[in-house]
Amino acid sequence: MVEKIWANSGDSHFLEPDDLWRESLPPRLAELVPRSEKDPDGEWETVHIDGMSFRRKLPTSAQQEFFDASSRAPGAANVDLRMKDLDQEGIWSELVFPSLGMWSSSFRTPEVLREALRVSNDWAWATIDQAQPRLISTAQVSTLDIDDAVHELERVAELGFKAVFLPVTPHPLQVDYNRKEWEPFWTVAEQAGIVLAFHIGTDPIDLSAGASAGVVFRGPGGAVLNYTETTFGGQRAVTKMVASGALDRHPDLKVLVSEGGATWVPFIADRIEEGYRQHHMAVRPKLDRTPREIIYSQVYASFQHDQSAIAAATSMGYHNVLWGSDYPHMEGTYGHTQKTLHDLFDHVDPTIKHRITIGAYRELFPHVPATPTTA
Ligand code: MN
């Protein structure tokens, strides 16, 4: 019998109830959260959100089947069933990103977004985090209003959250992550020991322009172009955090980029290192440590299938590589996790294997106990 490999996952997702916001917010705010009205012929829908409404074409049945398949894992929206899935797949603890939060960039009224995310956080804490430390949910904060973000981060830190989900680009009406306005947020996160969890593919979507999530390119190769494109936002977010000095000023702040692979980290460290070497005379503020030191000590990256990811740790000196299942998404490993883990790690040095499957995750979340196989 093949030995079961246990791994922690730095990248998982949970489907909240569709009506969570509408059911939990006062009526005045509930009527502003996203709501879809489908045409009788099923080809178009009208989306109402925060006082705006626009029309967009619904996915074809083939596309819909693809999306539905993403939520077919039994525990996609159920904590008890998820525990069985985790045991079956060999996943010990997982960082759980939200799903409803993909609408965040479409809100325009700070109060609506603030209250909706507060509802999401309270719901996640009461539902998903009852399974701590095997399920660790990421809190959500408004990136539309930074004061709101700071206050909510303080509140969820008090509750016990260990990570906060950040889109790779903040709300289109807010300044970018390299700006000083974000400084109070970094300070709270660092002091509370909260991991900043960027998930790739979370650039703002202009739904009013009829855009669909993740559709940037059309034509030959479009699907592959769009999939590949999703990864770059995470690299930009890290570059902003390093180049602006945010991570340098907050050496205990830890950043995780989920689902974006791992070998980009040594690559981007080279580029930032070179940028700083060539242009340091023009750079404000100065960095006290080299970009590489900052990145290699404070930035973590998760991958699920990438064949070269392990080489970041074995050949490039970058040890903050985490594995992630991306459960329950189509891109993830549900149903073939053990095969994936064996294919990836059977011929890898045990120390490196342990670091990537177990150790790096426990460095981010020290309250997670050792897995059954290492107990
Ligand atoms: Mn994911």
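**Exercise 1.** Work out how the donor residues of the manganese ion are spaced in sequence.

*Solution.* The model is predicted; local features need pLDDT of at least 70, side-chain atom pairs count only at pLDDT 80 or more, and totals for chains, interfaces and linings use all residues. Residues are numbered from 1 along each chain as its sequence is written, and side-chain values use heavy atoms, without hydrogens and water.
- Step 1: list the protein donors. They are Asp 11 (OD), His 13 (NE2), His 199 (NE2), Glu 259 (OE) and Asp 326 (OD), 2.1 to 2.2 Å from the manganese ion. Donors are N, O and S atoms within 2.8 Å of the metal (3.2 Å for Na, K and Ca); water is not among the atoms, so sites may look incomplete.
- Step 2: write the spacing. It reads D-x1-H-x185-H-x59-E-x66-D.

**Exercise 2.** Are Asp 11 and His 13 buried or exposed?

*Solution.*
- Step 1: take the cut-offs. Buried means under 20% relative accessible area, exposed over 50%, partly exposed in between (1.4 Å probe, protein chains only).
- Step 2: apply them. Asp 11 has 0%, so Asp 11 is buried. His 13 has 5%, so His 13 is buried.

**Exercise 3.** Classify the aromatic pair of Phe 185 and Trp 186.

*Solution.*
- Step 1: search the whole structure. It holds 14 aromatic pairs (rings of Phe, Tyr and Trp, its six-membered ring, with centres within 6.5 Å).
- Step 2: read the geometry. Phe 185 and Trp 186 lie 5.7 Å centre to centre, with 75° between the planes. The pair is edge-to-face (planes over 60 degrees apart; under 30 is stacked, the rest tilted).
- Step 3: check burial. Phe 185 is buried at 0%, and Trp 186 is buried at 1%.
- Step 4: widen the view. Tyr 177, Trp 182, Phe 185, Trp 186 and Phe 198 form one aromatic cluster.
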